[in-house]
Amino acid sequence: MAKNSNKIVYAVALVLFLGGLGYLIFSGLTQDSVYFLNVSEALAEDRAEIGSARLFGKVSPQNLAVVDGKLGADFDLIDKLEPGKSLRVSYRGALPDTFEPGVEVIVEGAFSSGGGEFVARTLVTKCPSKYEEQSKQMEEGKG
Amino acid sequence: MHLTGYVGLLFSLLAFLSLAGFAGVAAWNRRESALPFVEKGQLIAAGGVLFSTVILLIGLTSRDYSFKYVYDNVDNALSFVYTLTALWGGREGSLLFWEVIIAVSGMVFVATPGYKSLASNTKLFFWMFFLAVQGFFLFLLTSWSNPFIEIIPAPHDGRGLNPLLRNPGMIFHPPLLFLGFALYTIPACAALASSIAGETKSWVTVARNWNILSWIFLTAGIVLGGWWSYMELGWGGYWAWDPVENASLIPWFAGTAVLHTAVIEKRRNALQRTNVFLMSLTFLLCIFSTYLTRSGVIDSLHTFGESGVAQPLFWSMVSWMVLTLLVVFLSERLTHRTLSDFLSRQGMLVIAAWFLLALGMVVTLGTMWPVISQLWTTKSLGLDANFYNRVCLPFMSFLVLIFCFCPWLGWKGGIRDKRGFIGVSAVLVISFVAFYLSGMTNVVAALTAAASTAAIVSIVLLFVFNPALRRGRHNFGVYGVHLGLVLMALGIAFSGPYKVEQEFVLAKGESAVIDGYTVTFTDLVQDGDVGDIKLRATATLEVYDDGRLIGIMLPEKRIYKNYERQQYAEVGTIPGLGDELYSTLLGLTEDDKASFKVSVNPLVNWVWIGGTLMCVIAFLLLRRMPRPGEGR
């Protein structure tokens with residue numbers, strides 16, 4: 001009898017636990033999910049519908065505007081696979097050390113009300129970790 | 001040299017696979033006389049891996065750029081220390097490093113009393129699994145991840161190591177993680193082997209030290225990675241919930257859960273199937289971690305690059321999971337014991353394991369969401385850091401709460417010591433109210449901080465009320481590790497939600513105010529030709545609190561000799577056990593102004609102190625296993 005009641009208590013606790021976990025996950029999925037898009041994918045979407053998004057791409061050497069003495073940059077973000085496709089990004093925070101033309105970046109933000117440019121809240125360059133791809137960038141980066 | 005190194009790996013591959021098959025057949029037919037042959041054979045095969053590793057090390061230290069691996073990871077300007085660390089610095093080398101640790105751990109395990117106490121048939125099954133795992137690693141190393149590729153003609157200089165990786169954190173962070181991952185192979189294989197062979201000796205006891213050591217190294221690797229990203233990478237903190245960061249955390253949750261459920265098996269001989277499953281799952285998740293970081297399945301801040309290992313890693317995970325389920329459900333001789341009261345120490349350990357596994361599941365779900373979401377949408381959906389904070393912080397808070405009360409409960413139920421239970425409850429309520437009223441209005445953060453405070457009091461009271469506890473090294477180990485975790489939770493509760501960060505552009509002599517501190521830019525010194533630094537700008541930031549100078553920060557901007565097109569920042573800090581002031585020199589302008597990112601990080605150092613304590617004190621938990629026939 002005691003063993004049965006133990007099982008019931010464990011079962012109730014498990015239900016409460018899973019209920020709490022489920023609620024937290026559900027609320028997180030509905031409120032904290034953002035589109036992860038490459039530039040070409042973002043261009044193919046209705047910009048008004050995208051809302052908040054995380055975009056992956058490369059910094060174009062053309063039209064890169066970094067104002068001396070001010071934080072941030074305006075630049076064209078080009079698609080990693082289709083360099084012909086790009087969109088304008090405006091970012092007003094501190095630029096990472098490794099930010100430069102050609103580097104892969106991840107920007108998070110939303111399209112401006114007119115949809116003309118992507119206003120980034122955060123900008124991170126890909127971590128120059130030790131694995132393969134970045135070695136090519138490093139080689140190019142050598143003086 | 002290249003061919004010799006490769007042949008060494010190839011020899012080990014064939015030897016391991018043959019021996020694994022031989023051990024399997026012998027175990028199936030209960031031909032225990034085969035055991036000495038397998039044991040000696042694995043030593044010789046492991047020697048092949050060591051031999052090849054030494055060849056790669058010689059290539060690295062002699063800067064032999066005819067090795068593609070050396071060319072990719074070393075250059076003439078690189079210091080000797082970082083030349084050595086390049087062994088685990090590259091993709092192929094890190095896999096070889098992982099394999100060589102497994103090989104050496106096998107050589108050590110065979111000589112331990114724990115191994116010797118196992119039945120012969122269990123040992124044969126152990127080798128079947130263990131050598132097959134090594135065979136798999138060598139299969140990758142001799143195909144997609146070959147570190148012995150030759151370049152003809154050999155270049156005169158290599159590509160070298162990125163300056164961001166020239167940091168002490170980077171010397172130790174990767175090998176510690178790989179040590180953790182690799183050492184989990186022993187307990188996982190021992191669990192499966194014991195289960196399939198119906199071993200009477202508890203694998204939980206036999207593999208206890210290995211399990212703890214794996215956990216220590218994995219924990220240390222994760223904590224050090226956080227410190228490195230905080231001090232060097234400037235990602236805006238110590239944890240960004242990036243897929244690669246998450247990859248190391250997921251097996252940690254499972255590994256920590258099994259440490260708790262293993263206690264129940266040892267004390268009550270229950271949860272046997274659960275433990276075998278969790279132990280094997282932990283190892284599987286180590287492979288999953290590698291899959292996440294090297295398959296390119298998830299786009300991450302890190303550029304690991306696809307390397308062709310995705311498919312073999314994926315299928316190895318599927319195979320291991322099928323194998324685990326078969327072993328867990330088909331194994332015999334497992335006793336079934338019901339658990340004690342829910343409100344017992346045992347019950348709380350089970351709940352703690354639930355929480356840890358749930359956290360692991362949440363992080364996995366969040367990390368894989370861009371892939372999962374593609375099942376119903378063409379646009380890949382991902383989750384930002386808020387998702388993890390929303391789900392993980394309350395769970396972490398409850399975990400600390402469980403720890404506050406767990407030690408005061410009896411093993412089978414009831415409150416063991418009412419004084420402690422009531423005292424801790426009172427501290428919890430009072431500290432929660434105090435934190436909340438003092439401005440900590442984030443309820444989850446206030447609850448975590450209050451639970452951490454109550455947990456610290458709980459540990460102190462335990463040692464005050466129970467003199468017997470003070471006599472056991474093991475008790476200091478158990479409660480010391482938890483104290484470390486609690487201090488870490490306290491640091492996270494404050495430094496996460498209450499970090500203040502601002503960016504300023506200042507001329508010399510100008511000041512800015514952040515969170516009550518006045519930061520004055522007083523000087524900028526430029527020098528160069530220091531070691532491998534070509535040019536360096538060092539800013540002086542004086543920090544005042546209520547008009548009193550509390551310290552000076554010296555953030556730097558550097559240009560390294562071999563990387564002249566890029567600038568690298570070194571942060572300046574005023575360390576403190578309360579607020580830590582932290583600054584980065586972002587850039588200089590032609591009109592002699594400088595831009596800075598300054599942040600006030602409350603209690604952030606408790607994250608490092610707690611993390612270090614967890615890893616160091618856990619060594620006290622290691623126990624010498626009695627030799628067979630030796631009394632305790």
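Modeller: Gladly! Let's start with a rule: a charge sits over a ring if NZ of Lys or CZ of Arg is within 6 Å of the ring centre and within 35 degrees of the ring normal. In this predicted model, B:Lys123 lies over the face of B:Tyr115, at 4.9 Å from the ring centre.

Biologist: What makes B:Arg419 count as sitting over the ring of B:Phe465?

Modeller: The charged end of B:Arg419 is 4.0 Å from the centre of that ring, and the cut-off for the distance is 6 Å.

Biologist: Now the rings themselves. Why is the pair of B:Phe432 and B:Tyr436 called stacked?

Modeller: Two values decide: a pair of aromatic rings is described by the distance of the centres and the angle of the planes. Rings pair if their centres lie within 6.5 Å, and planes under 30 degrees apart count as stacked. Over all chains, that rule gives 47 aromatic pairs. For B:Phe432 and B:Tyr436 the centres are 6.2 Å apart and the planes 25 degrees, so the pair is stacked. Both residues belong to helix 17 (residues 418-437) of chain B, 4 residues apart, about one turn of the helix.

Biologist: What makes B:Phe432 and B:Tyr436 partly exposed?

Modeller: Partly exposed covers what falls between under 20% (buried) and over 50% (exposed). B:Phe432 has 25% relative accessibility and B:Tyr436 has 36%, so both count as partly exposed.

Biologist: And why is the pair of B:Phe521 and B:Phe596 called edge-to-face?

Modeller: Their ring centres are 5.1 Å apart and their planes stand at 65 degrees; over 60 counts as edge-to-face, so that is the name. B:Phe521 is in strand 4 (residues 517-530) and B:Phe596 in strand 11 (residues 593-602) of chain B, so the pair ties together parts 75 residues apart in sequence.

Biologist: How do you know whether B:Phe521 and B:Phe596 are buried or exposed?

Modeller: B:Phe521 has a relative accessible area of 0%, and B:Phe596 also has 0%. Buried means under 20%, so both are buried.

Biologist: Which residues does B:Gly382 touch?

Modeller: Leaving out residues up to four places away in sequence, B:Gly382 touches A:Asp32, A:Ser33, A:Val34, A:Phe36, B:Trp369 and B:Pro370. B:Gly382 is found in strand 1 (residues 381-383) of chain B. With a relative accessible area of 0%, B:Gly382 is buried.

Conventions
Residues are numbered from 1 along each chain as its sequence is written. Chains are lettered from A and ligands numbered from 1 in the order in which they are written. This is a predicted model: local features need pLDDT of at least 70, side-chain atom pairs count only at pLDDT 80 or more; totals for chains, interfaces and linings use all residues. Side-chain values use heavy atoms; hydrogens and water are left out. Rings of Phe, Tyr and Trp (its six-membered ring) pair if their centres lie within 6.5 Å; planes under 30 degrees apart count as stacked, over 60 as edge-to-face and the rest as tilted. Helices (H or I, at least four residues) and strands (E, at least two) are DSSP runs, numbered from the N terminus. Buried means under 20% relative accessible area, exposed over 50%, partly exposed in between (1.4 Å probe, protein chains only). Contact means heavy atoms within 4.5 Å.
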